[in-house]
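Please look over the sequence and the 3D structure below before reading on.

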Amino acid sequence: GVASTYDEPVHIAVIGGTGLQSLPGFTLAASLKVDTPWGEPSSPISILHHPSPSTGKPISIAFLSRHGLHHELAPHEIKNRANIAALRSIGVRTIVAFSAVGSLQEEVHPRDFVVPDQIIDRTKGIRPFTFFEDGMVGHVGFGDPFDTGLAKIVRRCGHSLEGEGVRLHDTGLLICMEGPQFSTRAESNLYRSWGGSVINMSALPEAKLAREAEIAYQMICMATDYDCWRGGPDEDVNVEMVMAHMKANSVNARRFVGAVLDELSKEEHTQLVLAKHLEGQMRFAGAMT
Ligand code: ADE
């Protein structure tokens with residue numbers, strides 16, 4: 001069977017969302033069951049190997065399926081602290097997260113990719129959202145909720161695939177709502193009036209916890225629907241619509257993530273991948289390992 005331990009630290013992780021529950025094309029080197037003070041993560045962590053594009057040496061990355069191996073966890077049931085703490089405990093300092101999103105703008109077509117640069121938090125405060133509690137006080141900066149250095153690499157990789165049918169929007173305002181119900185038409189229009197580009201239920205508290213854990217984090221979004229603002233009730237988002245577009249464009253989603261991993265595994269990005277620039281955000285990271 002597959003190994004259940006892995007001795008080397010793994011610095012790069014992918015958190016897969018709906019429609020990206022695995023990363024075929026990589027060799028499964030180990031499957032880790034990690035426990036944390038915040039419970040078990042959404043799925044075992046797969047350690048995947050692939051040859052570095054520059055040296056040919058195998059590089060290892062971690063893959064975690066946000067909704068579980070069989071999509072059994074709804075957005076509000078995800079143990080985000082366990083996910084982030086588990087990844088951090090195996091050495092992860094850079095996360096590329098993937099998410100299906102609704103589009104709030106005409107020009108963001110279903111199957112387009114968006115690399116968001118801002119978030120508005122519309123979760124309801126009912127998900128555990130911080131590692132700082134019980135006497136541990138900490139405030140991290142979140143003015144740029146995504147890692148700007150990582151974002152540049154992600155955008156470059158996305159554009160390199162334009163010839164293969166990847167359509168990419170370089171920036172975007174992501175609305176993260178509570179769910180699991182989709183928005184009302186009034187809410188959808190409110191978010192449009194705020195300048196929202198896309199909407200999901202998964203970016204938070206994931207991105208906040210990653211920042212607290214001093215992990216560089218960027219989300220790649222793929223539009224699967226126009227939520228409910230655009231057409232009549234017949235055209236409103238539903239789960240089948242989300243799944244169908246994800247499935248239809250999963251090859252591009254995997255290509256995109258694969259290209260980012262190839263790039264990040266180059267020697268020149270070591271400092272970025274190790275998130276040296278985030279050190280000191282959290283003085284109690286030891287409590288997580
Ligand atoms: N995920 C995919 N489409 C969505 C939508 N319209 N609203 C919230 N989350 C989504």
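When charges are counted here, Lys and Arg are taken as positive and Asp and Glu as negative, while His and the chain ends are not counted. This is a predicted model, in which local features need pLDDT of at least 70 and side-chain atom pairs count only at pLDDT 80 or more, whereas totals for chains, interfaces and linings use all residues. Residues are numbered from 1 along each chain as its sequence is written, and side-chain values use heavy atoms, with hydrogens and water left out.

**Charge**
- The chain carries 26 positive and 34 negative side chains, and the centres of the two sets are 1 Å apart, with each charge placed at NZ of Lys, CZ of Arg, CG of Asp or CD of Glu.

**The whole chain**
- The chain contains seven helices and 11 strands, which are DSSP runs (helices H or I, at least four residues; strands E, at least two) numbered from the N terminus.
- Of the 289 residues in the chain, 56% are buried, a term that means under 20% relative accessible area with a 1.4 Å probe, counting protein chains only.
- The C-alpha atoms fill a box of roughly 55 × 50 × 35 Å, taken along the principal axes.

**Residue S103**
- S103 belongs to strand β5, which covers residues 94-103, and S103 is buried, its relative accessible area being 0%.
- A polar atom of the S103 side chain lies 2.7 Å from the backbone oxygen of V108.
- Leaving aside residues up to four places away in sequence, S103 touches several residues, among them V108, S197, D225 and W229, where contact means heavy atoms within 4.5 Å.

Key:
Buried < 20%, exposed > 50% of the residue type's maximum accessible area, 1.4 Å probe, protein only. Polar contact = N/O pair within 3.5 Å; in protein donor to acceptor, adjacent residues only side chain to side chain.
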